[in-house]
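My notebook is open, and I am writing down what I look up, entry by entry. Come along and follow each stop with me.

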Amino acid sequence: MLHELPTEIALYIASYLPIQCLRNISLVSRAWHSLITHNVQAVYHNTAILHNFVHHADLQADSSGQSPDTKKIDWLKLCQRRFQIERGWRGKAPSIARELNSTGKFVHRMKVDQKENFVMTTRHTGGLSVSDYHTDRVLWATAHADDYAHCEYDHGYIIFNRHDNNKEVWRYARDFQDSEIPEEFKPDDAMVKASREAAEHHPSPTNRGHFRPWALLHVPEFTRAFRFSYPTLLSAGVNHAYLWDVPTSRLVETISNIQAPNKDGTLGPLSYVEVNDQYAFFCGSNQLRIFARDGGALVYHLCMKNLQFATWDVLPGIGDDPCPSSLFQPQRLHEAYHVPSTSQSNFIAAHVSSSGKDIAVLTAPGIFIWIPGFERLFHRETTLTDIATFLNFNTSRDGGGRDISVYLALGESNEKAAIATRKGLFVVSLGPDISKLTAEVPPRPGLSVCRVAKYDHSRHLSFISCLQMTDTGLFFNWYPSSEQSRPSQPARRMVVIPPPPQHGHLHVPVQLSQSQHTNPVQAPTQAMPAVGVEGQSNHLPGLEPIESSDDEMGEDAAPDPPSPIIVEEAGPPPLVETHEEEEDVDEDEIDGGDLVVDDDADDFEMEEEEDELVDDFQFAGDGFMQVIVNDWFLPINSSMVHYIHV
C-alpha cells in the first residue's frame, strides 16, 4: 500500500498521477488522506517539477522563500490552474475573446510579454506602440518606427528594421542602465530624440511598457529576414547570415554560402529564419536547412519532395462540443495517403522548442511537421518517417494543390503550436506528458487539434500578418468588429499594370474604395521599395491608438470591448476580384503602374469568384488590399489585435 512506503517515496510516486487523481486517492482511506493532506505542498511541488509547470527561476525563488511576485508559491493552486489552462486549450473549459482597441488599426507585427502583460505592435502606417492587454490601454508609443516594420522581442529587447536596412535595438526602460550601453553601434540622434518625445508624451513614474534606444546595428548587406532569440539576432541575406550578440552589439558569427547547391539543389529564396544557441534554421522555397553554429556547417536539410505521403488529415469533430462556452472546437485526425502535388511550393516557417530538442515546421500547402528530438536525424540514429508527425490542414479535394498556410507560432513553454491557414485557425497540443497528466491521452498520433470558432472567414484569415502564442492566450490581427457591420458598396474591378522591376522604387497608384456611409479618403500614390521580407511601403491613413499616461486603470476606464462578431452573420464587403493585364506591354514605355477601375463589374460575380483568388493582387472596398512587388506581398488592411484567453 502507498501509505506503508516511506513518505518521500510515496509522495514521489503520487506525483506521477494525473492531477484529478491526487484528490481522489486522498478519499481512499484515512491513511491515504492523512498522507496527502499533510504533505499537499510537497506532492504538488513534485508534480509541477515533473511536468515542467514552473520555470527554473521560479524554483530558485521558491527555494529562498520568495517567488518573482514576492510571495511563496502555492503549488496546489499552481497545478490546479495549469490543469484548467490545459483543458481550456483543448476546448473543455471556457475561453474569452477580446478585441484590443488600444493597438489601433493597420496592425502589421506584434510581440507579447506575458510577464509584464503587454503587447507591442508595429503598423502598416508606421509607429510602435505598447499596450496593456488586460486593461486595453496604451502604455507607451512612438511614431519613430518605419511603416511595415518587422519586430522581434525577447528578454526586454525589441528589435525592428529601418528602410536603410539597419536594425534598431531598444531596451525595456526598467532594465536600462546608461553605463551598460555598448560602445559600438550606439543609437543615432533620431532614436534618442524619438525616445525623449515618447517619454514626454507618455509620462509614467514606473516606466512600465517604456523602452529606450540601446543600439543601431549596421548589417553588412541587405537582409531578407531576421529573428531574435536572446541573446542572438540572426539576420540573413541572399547567401550569408549574420549573428549578433544583442546585449553587447557585437557581430559574433557569419554563416556563409547558405545557398550552396547540394544533391537536391539550392535553398531557394528565403521565407523565414530561426535561431537558438546551437543551430540556425533557414526556410527556403526549395529546402529547410539547419546549420550548426560555431563553424557554420550544414548538418541537415529537408526537401518538399522528401516529405512522406502518409499524413493525418485534420477534419471537423463529430458530436457536441465538450464546452459550449469555449472557442476551441476539438478536431479529429484521420490517417490518409496523399499523392504529393506537382506544383512548386515552399517551407513557410520553422520554430525550435524552448528546450532546443524539437522543431515545428509548416509548409505552404498546409502540412505541419512536428519533429521531436530532431538532432537524432543528424547522427542517422533514426529517420524522419519514424519520429515525425505530419498533420494535413488542406484536406479538400479541389484545393489540395493550393498554398493555404499563413502563419505558424510555437508556445514558449506550453508545448502548443498555433497555425493560421486560409481555412481556419488551429491550436495543436504537442506534449504527450501533459496528456498523461490530465488522463486524457489522445489516440494516435498522440497530438490533439482544436479549431478556433468564429474566426473562419477565409479572406480575413489570409490577411493575418502575425500570430503570437503565450502560455494562456492567442494573439493575432483581425478585421475590426466595428467595421464588420458596415454596409458594403458596389464592387469595383481593379486592373493593375505593375511597373518594370528594374526601377529602384515602384510607384503604384492606389485607390481605396469607401462605404457610402463613411467619409471618402483618397489614398496618395505610394512609393513601394523593391524589398523582401523586411520590406515596407510609404504611409497610408491610419487610426491613432488611444493614449493614456496612467499605470493603473481608473474608475472611468472604458469597459471591455465586445466579443468578435460571427462572420457569417455580419461581415465586411466581399474582396474585389483583380486581374493582371493580359495584353503585351512594352516595358520600355512604362514609367509607373497604371490602375483601371471598372465600375460596371457585377457584384454577384465578384462574390462568386472571391474564393478563387490567387496570390497576385487582392483588394477590398473597406480597407483590404494586397499588392505584390517583386514577388513579395505588401498587405494593407485595417486589422486590429484580437486576444483569446483560456
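**Entry 1: a helix and its neighbours**

Against which helices do the buried residues of α3 pack? I looked this up with one thing in mind: the model is a predicted one. The buried residues of α3 pack against α1 (7-14), α2 (19-25) and α4 (40-50). Helix α3 itself covers residues 30-37, and I found Trp32, Leu35 and Ile36 buried there. Looking down the axis of α3, I see its buried residues within an arc of 90 degrees, so they line one face of the helix.

**Entry 2: the sheet of 4 strands**

Next I turned to an open sheet of 4 strands, ordered β14-β15-β16-β17 and paired in antiparallel fashion. Its edge strands are β14 (270-275) and β17 (298-303), each of which pairs on one side only. From one strand to the next, the twist averages 15 degrees. I then checked β14 and β15 (residues 279-284), and this antiparallel pair has 5 bridges. For valine 275, I noted alanine 280 in β15 as the bridge partner.

**Entry 3: the sheet of 10 strands**

Another open sheet has 10 strands, with mixed pairing. I wrote down its order as β20-β21-β22-β23-β18-β19-β27-β26-β25-β24. Which strands stand at its edges? They are β20 (347-352) and β24 (405-410); each has a single partner strand, so one side of each is left without a neighbour in the sheet. Here the twist averages 25 degrees from one strand to the next. Inside this sheet I followed β19 (residues 328-337) and β27 (residues 448-452), which run antiparallel and are joined by 3 bridges. Phenylalanine 328 has valine 452 of β27 as its bridge partner.

**Entry 4: aromatic rings**

How many aromatic pairs does a search of the whole structure find? I got 27. One that I looked up is phenylalanine 281 with phenylalanine 374, an edge-to-face pair at 5.9 Å centre to centre, with 70 degrees between the planes. Phenylalanine 281 sits in strand β15 and phenylalanine 374 in the loop between β22 (367-371) and α8 (375-378), so the pair ties together parts that are 93 residues apart in sequence. Are these rings buried or exposed? Phenylalanine 281 is buried, with a relative accessible area of 1%. Phenylalanine 374 is buried too, with a relative accessible area of 1%. I also noted one aromatic cluster made of Phe118, Trp140, Tyr153, Phe160, Trp170, Tyr172 and Phe211.

**Entry 5: nonpolar cores**

The largest nonpolar core has 45 residues, and Phe374 is one of those that touch the most other members, as is Ile371. Leaving out residues up to four places away in sequence, I listed what isoleucine 371 touches: Lys357, Asp358, Ile359, Leu377, Leu384, Ile387 and Ala388. Apart from this core lies another, of 35 residues, including Val406, Tyr407, Tyr479 and Tyr643.

**Entry 6: backbone details**

I found a cis peptide bond between tyrosine 230 and proline 231, with omega about 5 degrees. Proline 231 is in the loop between β10 (225-229) and β11 (232-236).

Histidine 155 is not a glycine, yet it has a positive phi of about 50 degrees. I located histidine 155 in the loop between β6 (151-154) and β7 (157-161), and it is exposed, with a relative accessible area of 54%.

Phenylalanine 185 also is not a glycine and has a positive phi, of about 55 degrees. Its place is in the loop between β8 (167-172) and α7 (189-201). Phenylalanine 185 is partly exposed, with a relative accessible area of 24%.

Note on methods: Residues numbered from 1 in each chain as written. Predicted model: local features only at pLDDT ≥ 70, side-chain atom pairs only at ≥ 80, totals over all residues. Heavy atoms only, no water. Buried < 20%, exposed > 50% of the residue type's maximum accessible area, 1.4 Å probe, protein only. Helix = DSSP H or I, 4+ residues; strand = E, 2+ residues; numbered from the N terminus. Arc of directions from axis to C-beta. Contact = heavy atoms within 4.5 Å. Pairing = 2+ DSSP bridges. Axes fitted to C-alpha atoms, helices over the stretch in contact; angles between N-to-C directions. Core = buried A, V, L, I, M, F, W, Y, C linked by side-chain atoms within 4.5 Å. Phe/Tyr/Trp six-rings, centres within 6.5 Å; stacked < 30°, edge-to-face > 60°.
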